[in-house]
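Morning, everyone. I'll take this one in short pieces, starting with a definition. Have a look at the structure first.

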Amino acid sequence: EFVVPRTAEPLEYHRSFLKENCRPDGRELGEFRTTTLNIGSISTADGSALVKIGNTTVMCGIKGELTSPAVDAPNKGYIVPNVDLPPLCSSRFRPGPPGEQAQAASQFIADVIESSAVVQKEDLCIVKGKLCWVLYCDIMCLDYDGNLLDACLIALLAALKNARLPEVTVNKETEVPEVTLENRRGLNIHKHPVGASFIVFDDSIMIVDPTAEEESLSTATITVVTDEEERLCALHKPGGTSLSGEKLQDCISRATTRHREVRKLIDKVTQSDKTPK
């Protein structure tokens, strides 16, 4: 039988696999790629994590800095995420200011932080109206092969769980903050948002955890973020074909299953990190 060459007709090539309910990389339509996680590898950061979903590799480093709270939120600190897609991760990205995809990813992560209350900003306040933490969460993609958002979210969550901030006291007389680097404590993680991303192929076939090539051939992408209470934290669907309520429900139930798997992975890695060396 005639095999469609991949480079000439990528769409037909993928269709020939989808007919058999599998994909060019051997996965089933509903199968995620192998996901691995390392934490604490950036010694200069207050918390860090490195995540791989298949070939997609994302690193998150968290740095805490002291600042004054906003006038209209005197009892809250700040969390500032930034997603970077440097040219080193894929030939599709150019040097220079962040492109559209990096900006959209940063905004998506910021929205999830808000809607899920992963860390409550009140916990980041040290002295009301005077002193608080700002957490800079720098997320960098080292290798781009699709499904960036899921990888960014796992990296962020694992890095937040790994983060240890130094103790800060304010000198009563001089009102100068004094930082004790030796005494560090973890953040209070209130919720664990985890994403599951899907693409729609030919307006009808749902595929999870797409590669970069699959993304480029899709008619729609969708990311569903749930927390441990199976609550929907965010739904990200930039344009594309519309989805039926039934398909959406299917995405949400698969996302909750994925949530359990990712939580197990994060818990396992954070537990082993705590065992005495």
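A polar contact here is a pair of N or O atoms within 3.5 Å; inside a protein, one must be able to donate a hydrogen and the other to accept it. Keep that in mind for Ser 106. And note that this is a predicted model.

So, Ser 106. Where does it sit? In helix H2, which runs over residues 100–116. Is Ser 106 buried or exposed? Its relative accessible area is 12%, and the cut-off for buried is under 20%, so Ser 106 is buried. What does its side chain reach? A polar atom of that side chain lies 2.8 Å from the backbone nitrogen of Val 83. That distance falls within the 3.5 Å limit. Set aside the neighbours within four places in sequence, and Ser 106 touches Pro 81, Asn 82 and Val 83.

Next, helix H1. Which of its residues are buried? Tyr 13, His 14 and Leu 18. They span an arc of only 135° around the axis, so they sit on the same side of H1. What do they pack against? S9, S10 and helix H4, residues 212–217.

Now the charged side of the story. How many salt bridges does a search of the whole structure find? It finds 18. Let me start with Arg 15, which has two partners to show you.

Partner one is Glu 12. The closest N and O atoms are 2.7 Å apart. Both residues belong to helix H1, residues 10–18, and they are 3 residues apart, about one turn of the helix. Arg 15 is partly exposed, at 26% relative accessible area. Glu 12 is partly exposed too, at 34%.

Partner two is Asp 202. Again the N to O distance is 2.7 Å. This pair links distant parts of the chain, 187 residues apart. Arg 15 is in helix H1, while Asp 202 is in the loop between strand S9 (194–201) and strand S10 (205–208). Asp 202 has a relative accessible area of 31%, which makes it partly exposed.

Another pair: Asp 267 and Arg 263. Their side chains form a salt bridge at 3.6 Å, N to O. Why can they pair up along the helix? They are 4 residues apart in helix H5, residues 245–274, so about one helical turn separates them. Asp 267 is partly exposed, at 28%.

There is also a network. Salt bridges link Arg 23, Asp 25, Arg 27, Arg 33, Asp 145, Asp 209 and Glu 214.

On to cysteines. How many disulfides turn up in the whole structure? The search finds 0. Take Cys 141: the nearest cysteine sulfur belongs to Cys 89, 4.0 Å away. The cut-off for a disulfide is 2.5 Å, so Cys 141 is in none. Cys 141 is buried, at 1% relative accessibility. Then Cys 251. Its closest cysteine sulfur is in Cys 233, 16 Å off, too far for a bond. Cys 251 is buried as well, at 0%.

Last, the record. An unreviewed UniProt entry places "domain: Exoribonuclease phosphorolytic" at residues 31–166 and 193–256. How do the two spans look in this model? Residues 31–166 are 24% helix and 37% strand, with end C-alpha atoms 41 Å apart. Residues 193–256 are 28% helix and 38% strand, and there the end C-alpha atoms are 10 Å apart.

That's my tour. Over to you.

Definitions and conventions
Residues numbered from 1 in each chain as written. Predicted model: local features only at pLDDT ≥ 70, side-chain atom pairs only at ≥ 80, totals over all residues. Heavy atoms only, no water. Salt bridge = Lys/Arg side-chain N within 4 Å of Asp/Glu carboxyl O. Helix = DSSP H or I, 4+ residues; strand = E, 2+ residues; numbered from the N terminus. Buried < 20%, exposed > 50% of the residue type's maximum accessible area, 1.4 Å probe, protein only. UniProt positions renumbered as here; feature names shortened; annotations may be inferred. Contact = heavy atoms within 4.5 Å. Arc of directions from axis to C-beta.
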